[in-house]
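Visitor: I would like to learn how to read the sheets and helix contacts of a structure. Could we go through them step by step?

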Amino acid sequence: MEKPTSSLGLWRTQSDQLAQMTSETSRGGGAEGGSGGDSGGGGTHSRKSSRQMVFASPGRSGSGSKNTHIRKTRSAQMKFELDDVGSGAALSRASSASLGFSFSFTGFTMPPDEIADSRPFSDDDIPEDIEAGTRKKFQTEPTLPIFLKFTEVTYKIVMKGMTSTVEKDILNGISGAVNPGEVLALMGPSGSGKTTLLSLLGGRLRNPALGGSITYNEQPYSKFLKSRIGFVTQDDVLFPHLTVKETLTYAALLRLRKTLTKQEKEKRAADVIRELGLERCQDTMIGGTFVRGVSGGERKRVCIGLEIIINPSLLFLDEPTSGLDSTTALRIIELLQDIAETEKTVITTIHQPSSRLFHRFDKLILLSKGSLLYFGKASEAMVYFSSIGCSPLIAMNPAEFLLDLANGNMNEVSVPSELEDMVGDSQKETKSGKPAPAVVHDYLVEAYETRVAEETKKQLMVPAPLDVELKSNVESMRREWGASWREQYSILFRRGIKERKNEYFSWLRITQVLVTAVILGLLWWQSEVHSPKELDNQAGLLFFIAVFWAFFPVFTAIFTFPQERAMLNKERAADMYRLSAYFMARTTSDLPLDLFLPMLFLLVVYFMAGLRLTTESFFLTMVIVFLCIVAAQGLGLAIGATLIDLKKATTLASVTVMAFMLAGGYFVKDVPIFIAWLRYLSFNYHTYRLLLKVQYETISPVIDGIKLDSGLKEATALGIMVFGYRLLAYLSLRRMKIH
């Protein structure tokens, strides 16, 4: 009973001290401000009091005493702040992190070292967390400034139907400009053409259907600009099994110029991780649909980091705030502002930003159905629409107001008299008496063309403030790879193994192979062969091995290029590597992983089934199975690269594998001559003949009607398939015309 009383008395004492101190300070604030000696004493006393208030816990005091204490403090604080307006005394606040209350007192000055000493936490102790609200200013190096202009940009697509072909206009005469140091937002409802315009400006769409002019420092687009452009797609295309640090490090090794050493490139990746506030999750896997990983905001920052790691002059982002909460979205836009401040040009699409986000943009383009409704400063958009008679009737987010107009929704918007006249002429209005969306769209497009468009075009005709050097830099830039072919292959090989080892060595796959092996071993338990009469039973096991290790790799490899197509498009568009280096690394990085499962399989089956127990036979069987796997994998790669569509690829692979299995020499012995050629294309046929030779060449020269020869023809055929199918896959990727 004594302890609560003591605690209550302590809080009353502190409350009385605070009231006395604030009263004395209020009366003598001006005098203390001019007295150096008093200032020092006041500072020391205040620092001790503030520490007591920060670290003491009010939860142990009585509720009545606590409320009285808060009321006294707030009344003293209000009196103080009114007096300070006249006296100009310094205001110092000590805030309790545990309570959330704010105690204020003035009238004294503290030396800088004492101020630092009085803080319960220093700035260095606070971890940087962009999503939580603590963020350091992003710092990037200056780079070549690029002035982007686009005039009367049009774009059409051809839609082929069953009986006719129709051209659809996606963009209709879009004009605008953005300079270094500015953030341009492309806004509009879904289907308005934002992403298409962004892709055109970023050089991601090169199509004869493009009309108008797009210039970079008064020069047209060229592939040499790729090293100056960063493009962040709307979908976060990342490898799920790589960590944040690995993802950015591999990008740095591939994209940064050759003149930098490996250590310098790795340091650049570490700097980007620190600048983006990703230290906390740098060793966490990115994650995906079936793999837990980083949060949405962290994943988006990783995507931005992949582009800014090359210090681009132009940065394009397609809806970087999609799926993020308002606070995280604000941090992303603040990050873009920081990037733009270092003379970089930033262009982003945005769907429906909050009011805080909207006011962060320098320039705005508002699109609707591919037409331009507004281009200019974002801060002047509301003024422009008010000038044409469209003003919000209620307080609302400017972005919501603009999107309502772009959608033709006038429910909470004043209707100008010109628009009412158009409604009267066309007799088109909604049930609520408001103009129809089509009429609103026509009015807004006409208003922009008659009032603003001509002036905008005149401004675009004025040459950008460029000297000869800036123009020549854009013209003379040469396409350079960040690493040699050998280095690209080495980096991609290591990345491929790290990415896919989790999938290859998953417990599900290992269990599948082991269970199959055990079942086969039990069914053919110690089925030793000592004479030709005992061959029929065991030959079925050898054929099943040939079929199983052909079927399994085909349907695994089919998904390779269709699943990685988005990543391949993204990285090739950024000139990260040559296609040949990627293809070689992708196909060879699977080989070490492919050895593990068949070796595990054969170790179980071979000895349980009682196959030929010699070292030579065991390793030859392993080599034959491995050749079959690589050949079948090549077929899967070729089918996947040729068709890309997974449904079509799976269907074709099923038919092909079934045909090869039937022609493999086990089910049908006498194949008609007009279809006999099929067996020579079947890797099942060649694998089966080689396995029979290895196991039974000492027993009989003819096994089940199959004459065993040297096996050279079968081995050569499998070798041709290994390289031939892969060559077909590579040519198919080339045909895709990836940037």
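**Reading sheets and helix contacts**

Guide: In this predicted model, strand 10 (residues 363-368) and strand 11 pair in the antiparallel sense over six bridges. Within that pairing, Ile365 stands opposite Phe375 in strand 11.

Visitor: What is the strand order of the open sheet of six strands, and what is its pairing?

Guide: A sheet is read by listing its strands in the order in which they lie side by side, and two strands count as paired when there are at least two bridges between them. Here the order is 7-8-9-5-10-11, the sheet is open, and its pairing is mixed. Strand 7 (229-232) and strand 11 (371-377) are the edge strands, each of them pairing on one side only. On average, and with direction ignored, neighbouring strands of this sheet are turned by 15 degrees against each other.

Visitor: Which strands does helix 6 lie across in this sheet, and at what angle does it run to strand 9?

Guide: Helix 6 lies across strand 5 (183-187), strand 7, strand 8 (314-318), strand 9 (345-350) and strand 10, and it runs at about 160 degrees to strand 9. Helix 10 (residues 326-340) also packs on the sheet, where it touches strand 5, strand 8 and strand 9, and its direction likewise makes about 160 degrees with that of strand 9.

Visitor: Let us turn to helix pairs. At what angle do helix 18 and helix 22 pack, and how far apart are their axes?

Guide: For a helix pair, one reads the angle, the axis separation and the residues that meet. Helix 18 (residues 507-523) and helix 22 (residues 590-608) pack at an angle of about 20 degrees, with their axes 8 Å apart. Angles under 35 degrees count as roughly parallel, so helix 18 is roughly parallel to helix 22. Their crossing is right-handed, and the contact of helix 18 with helix 22 has 14 nonpolar, two polar and one charged residues. Among those that meet are Val513, Leu514 and Ala517 in helix 18 and Phe596, Leu600 and Val604 in helix 22.

Visitor: How do helix 17 and helix 22 pack?

Guide: Helix 17 (residues 485-504) and helix 22 pack at an angle of about 25 degrees, their axes being 9 Å apart, and they are therefore roughly parallel to each other. The crossing of helix 17 and helix 22 is right-handed. Phe493, Arg500, Lys501 and Tyr504 in helix 17 meet Asp590, Pro592, Leu593, Asp594 and Leu597 in helix 22, and these residues divide into five nonpolar, no polar and four charged.

Visitor: Which residues does UniProt list as "transmembrane region"?

Guide: The unreviewed UniProt entry lists several spans under that name, including residues 504-527 and 591-611. Residues 504-527 are 75% helix and 0% strand, with end C-alpha atoms 31 Å apart, whereas residues 591-611 are 86% helix and 0% strand, with end C-alpha atoms 26 Å apart.

Technical notes:
Residues are numbered from 1 along each chain as its sequence is written. This is a predicted model: local features need pLDDT of at least 70, side-chain atom pairs count only at pLDDT 80 or more; totals for chains, interfaces and linings use all residues. Side-chain values use heavy atoms; hydrogens and water are left out. Axes are lines fitted to C-alpha atoms, for helices over the stretch in contact, and angles run from 0 to 180 degrees between N-to-C directions. Helices (H or I, at least four residues) and strands (E, at least two) are DSSP runs, numbered from the N terminus. Angles under 35 degrees count as roughly parallel, over 145 as roughly antiparallel, 65 to 115 as roughly perpendicular and the rest as oblique. A crossing is left-handed if the near helix is turned anticlockwise from the far one by less than a right angle, and right-handed if clockwise. Contact means heavy atoms within 4.5 Å. Ala, Val, Leu, Ile, Met, Phe, Trp, Tyr, Cys and Pro count as nonpolar, Asp, Glu, Lys and Arg as charged, and the others, Gly among them, as polar. UniProt positions are given in the numbering used here, feature names are shortened, and annotations may be inferred rather than shown by experiment.
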